[in-house]
Amino acid sequence: MRWGLLALDSDNVQSYSDRELFSIIRDGVRFTGMPGFAGTETDDQIWDVVDYLRSLR
Ligand code: HEM
């Protein structure tokens, strides 16, 4: 996996499972600029974001 700026519709992102995308958005990605959203979004809202990412496929 090459980190850095990632297009959300790319295979790099879309090859993660729903559960993995959920964890990435909830917890962030350590040692990158990717923040976690657990403090500001509910789990339901984070699942909605996962659905949104899938809609970009
Ligand atoms: C819609 C869902 C997402 C949102 C709202 C989001 C939001 C953000 C934000 C606000 C930043 C910080 C930008 C900055 O100010 O430096 C960021 C960076 C980053 N995100 Fe996300 N992200 C999302 C999905 C993802 C996914 C799915 C991945 C990985 C599979 C990811 C990986 C990263 C990485 C690696 C960075 C650091 C980029 C860099 O500066 O090199 N993000 N994201």
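Guide: First, a term we need: helices here are DSSP runs of H or I with at least four residues, numbered from the N terminus. Keep in mind, too, that this is a predicted model. The chain has three helices and zero strands, which gives the pattern α-α-α along the sequence. Its radius of gyration is 11 Å, close to the 10 Å from the globule rule for 57 residues, so the chain is as compact as a globular protein of that length.

Helix 2 covers residues 18–27 and helix 3 covers residues 43–55; they pack at about 120 degrees, with the axes 9 Å apart. That angle makes helix 2 oblique to helix 3, and the crossing is right-handed. On the helix 2 side, the contact is made by D18, L21, F22, I25 and R26, and on the helix 3 side by I46, W47, V49, V50 and L53. Sorted by type, the residues of this contact are eight nonpolar, no polar and two charged.

Now for the loop between helix 2 and helix 3, where F31 is found. Most residues other than glycine have a negative phi. F31, however, has a positive phi, near 70 degrees, and is not a glycine. F31 also counts as exposed, because 7 other C-beta atoms lie within 10 Å and the cut-off for exposed is 12 or fewer.

Note on methods: Residues numbered from 1 in each chain as written. Predicted model: local features only at pLDDT ≥ 70, side-chain atom pairs only at ≥ 80, totals over all residues. Axes fitted to C-alpha atoms, helices over the stretch in contact; angles between N-to-C directions. Helix = DSSP H or I, 4+ residues; strand = E, 2+ residues; numbered from the N terminus. Parallel < 35°, antiparallel > 145°, perpendicular 65-115°, else oblique. Left-handed = near helix turned anticlockwise from the far one by under 90°. Contact = placed C-beta atoms within 7 Å. Nonpolar A, V, L, I, M, F, W, Y, C, P; charged D, E, K, R; others polar. Buried ≥ 20, exposed ≤ 12 C-beta atoms within 10 Å, placed from the backbone. Rg over C-alpha atoms; globule rule 2.2 N^0.38 Å.
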